[in-house]
Structures are given as C-alpha cells and as structure tokens.
Amino acid sequence: MTVSTSALAAFREGILRCLPAALGVFAYGLVFGALTRTAGLGLGEAAAMSAIVFSGSAQFVALGLWTLPPPTATLALATLLINFRFFLMAATMTRVLRGWPLVRALPAMFWVTDENWAVTMAAGERPRWGAFFLGTGFTLYVTWLATTVVGNALGSVIADPKAWGLDFAFPAMFLALAVGLARKAPAPTVWIASAAAALLADRLIGGNAPVLVGGLAGAAVAALRKPEARRAG
Amino acid sequence: MRVDVLLAFLAMSAVSYGIRVAGYLARSRLPDHPRLMAAMDQLPAAILIALVVPMLARGGPAEWIAAAVVAALAWFVDLLLIPLAVGVVVVVLLRGVI
C-alpha cells in the first residue's frame, strides 16, 4: 500500500463497499420498476424518473400520487416532506468532503441518499473520503437505475420481496451500520434519546418524521453532554 | 416523453437536491463550536438509529430476534455483507417457525 491513497482507488473501494447495501436497493428497485408500469409510465419515463430524481422513497410516494397531467406542485411538496432528512445527512458531509471547493462539493450532494450515505459514514474517516463517497453513490445510482428499467420491462413478474426476506435487508443494513458506528464512539444516552424520540415521532406524526426528530434528538443530547476534544465536523 | 412529465421529475429532483445543498451550506457556514461538533459527530449514528428503530418496531418476534443476531454480528464483523446476509436468512427461517 502506498502512503497516499489515490482518488481512483478510494472511488473503487467506495463502489465495492456499497455492494452489500445495493442488495436491498436491488430488490426494491425491481418492485419500484414494476410499479412504474402499473402507474402507466413507459420504460423511458421510468428510467428518466430514477435518473433525474434518484430518491427511492419520494419516487414510491410519487407513483401513488401519479396522474396525467402530473400533479407537479403536490409531487414537489411530497418530495420536500419525505426528503427533509437529507438536510441532516448533507450537513454531516462537510467532514467527508473537507477541503473540497463548493463547485465540486455541491454537485456531489446529488449522490447523498440513505444507503450510500450510511455506508460512507460507517466506513469512517479515511484518506480521500470524498472519492470513496462518490464510489458509493455510483453503485447506488447504477443499481437504482438498472433495476427500475428491468422492473418496468418485466412488470408484474416480480415477486414480493418479503417472500425472500429481502424486506428485512433495509433494517438489517441500517442496524449493522448503526452498530458499526456506535462501536467506534459509544454514547448510550445519544442512542436512547434518538430511539425514543424516533418511536414517539412514529406514533404521533408518522411518515419520515422519525428520522428527522430522532436524529435531532440524538444530536441535541450529544451537544448537551460535556464536549470533549473532538475532531472538527 | 411528455414535457409535463419531464418537468414533474425535474421539480422533484430540484426539491430533493435543494434540501441536500441547503444542509451542506448550513453546516459549512456555522462556526466549529465544540457543542456543535459534538452534535455533528453523533448525528450519523443518531440518524441511523432513528431510521431503523421504527422499522423494527413495526416487525414481530421474527424480526426482533433476527435484529439481535444482526447487531451481535455487526459488533464483531466489519464486513456489512455478513450481518446482512445472515439477518435475511434468519428472518426467513424464523418467519417459517413463528
């Protein structure tokens, strides 16, 4: 191993490290693709949607709201509510992209989505962390786009992912990544606050609110604890 | 493709992208106060826990036992594929039993 990791090597590692996470996305991409067909989207339209929007949960909800002509304002509002969690995830990316000028960092924000963001964070600080992140984004983008197209082409042939236990791939992945992070920086009070607030928000508000409320509650507890010497974020 | 369909996709994309850019810019503009850094350090784990806990709460004993197996494996194994694959297999087996 050389002293300085090249950006290409880090990019390649990001691609590989995100492959397990792509498994869950693979199953849901196929289901999503099949649903695009049910909603009346052609192959080109389905592909364009995944390529342009690149946001699984917002796209699923959009199919439920889909009409022709499309209810653009409603779709935009739904996307805002569903994806507000990206605000927090993107905020944590300043550490990953440290030293990147905004002309490079802001385009990279397009790739911030649950799974590859989680893989990037769990991988921990490393040389060329930003290039690693781009690799994880590449894996997810290609997986999401390809499975959307295949799902749309195959239509209702796609079976229920639950029959294969693949519905459990998402919780299992997020849990494993959370444990990996938790092991590196133990903060039980933060985890309890986050879990409790998320459960409460799930009961009271529902939707994607738990991620936002739980994330903020955990961060608030972390801020209130006596701050030690920590690396800049 | 219809222009209005393309515009709808672009609108969704713009909103989604705008949220991410806003989050990044908001953090880059804030000073590195120790309490803020402590919060930002813990934010990824807090978000992941907040993502996964409601998902698991909606499950039953099969999912909870499988989750315990995943958590235990993830504590010792850094490779994501192993807890993930074992978790999926365990949940399928348990659903057949429970």
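Which domains does the domain assignment of chain A give? Keep that question in mind as you open the structure, which is a predicted model, and colour chain A by the answer: domain 1 takes in residues 7-160 + 176-181, while domain 2 takes in residues 187-223.

**Stop 1: the two chains and their domains**

With chain A coloured, look at how its two parts sit relative to one another: the C-alpha centres of domain 1 of chain A and domain 2 of chain A lie 23 Å apart, and six residues of domain 1 are in contact with five residues of domain 2. On the domain 1 side of this contact, the elements that give two or more residues are α5 and α6 (85-91) of chain A, and by class that side has four nonpolar, one polar and one charged residues.

Now select chain B, for which the domain assignment gives domain 1 (1-30) and domain 2 (43-98), and where the centres of these two domains, taken over C-alpha atoms, are separated by 32 Å. If you colour chain B by confidence, you will be looking at a mean pLDDT of 93, with 100% of its residues reaching 70 or more, and for the complex the predictor gives an ipTM of 0.90 and a pTM of 0.85.

**Stop 2: where the chains meet**

Show both chains together and select the residues of each that touch the other: 64 residues of chain B are in contact with 79 residues of chain A. On the side of chain B that touches chain A, the elements giving two or more residues are α1 (3-29), α2 (34-57), α3 (61-76) and α4 (81-97) of chain B, and the largest share, 24 residues, comes from α2(B). If you colour this side of chain B by class, you will find 50 nonpolar, six polar and eight charged residues.

**Stop 3: a helix with a buried side**

Move to helix α4 of chain A, residues 56-65, and select A:Gly56, A:Ala58, A:Gln59 and A:Ala62, which are buried. Why do they lie on the same side of α4(A)? The reason is that they cover an arc of only 160° around the axis, which puts them on the same side of the helix. The buried residues of α4(A) pack against α2 (19-38), α3 (43-53), α5 (72-82) and α10 (129-154) of chain A, together with α1 of chain B.

From here, step to A:Met49, which is found in helix α3 of chain A. Is A:Met49 buried or exposed? It counts as buried, because it has 29 C-beta neighbours inside 10 Å, and, not counting residues up to four places away in sequence, A:Met49 touches A:Thr36, A:Leu41, A:Gln59 and B:Phe9. Then find A:Gly155, which is 106 residues from A:Met49 in sequence and 16 Å from it in space, C-alpha to C-alpha.

**Stop 4: backbone details in the loops**

Select A:Phe54, in the loop between α3 and α4 of chain A, where phi is near 45°, a positive value in a residue other than glycine; with 22 C-beta neighbours inside 10 Å, A:Phe54 counts as buried. Follow the chain to A:Pro69, in the loop between α4 and α5 of chain A, and inspect the peptide bond from A:Leu68 to A:Pro69, which is cis, with omega near -5°.

Go on to A:Arg128, in the loop between α9 (114-123) and α10 of chain A, which has a positive phi of about 55° although it is not a glycine. A:Arg128 is partly exposed, with 19 other C-beta atoms within 10 Å.

**Last stop: A:Leu154**

Finish in helix α10 of chain A by selecting A:Leu154, which is partly exposed, with 13 other C-beta atoms within 10 Å. A:Leu154 and A:Thr113 are 41 residues apart in sequence and, C-alpha to C-alpha, 26 Å apart in space.

How values were computed. Residues numbered from 1 in each chain as written. Chains lettered and ligands numbered in written order. Predicted model: local features only at pLDDT ≥ 70, side-chain atom pairs only at ≥ 80, totals over all residues. Contact = placed C-beta atoms within 7 Å. Helix = DSSP H or I, 4+ residues; strand = E, 2+ residues; numbered from the N terminus. Nonpolar A, V, L, I, M, F, W, Y, C, P; charged D, E, K, R; others polar. Buried ≥ 20, exposed ≤ 12 C-beta atoms within 10 Å, placed from the backbone. Arc of directions from axis to C-beta. pLDDT = per-residue confidence, 0-100. Domains from an automatic or database assignment.
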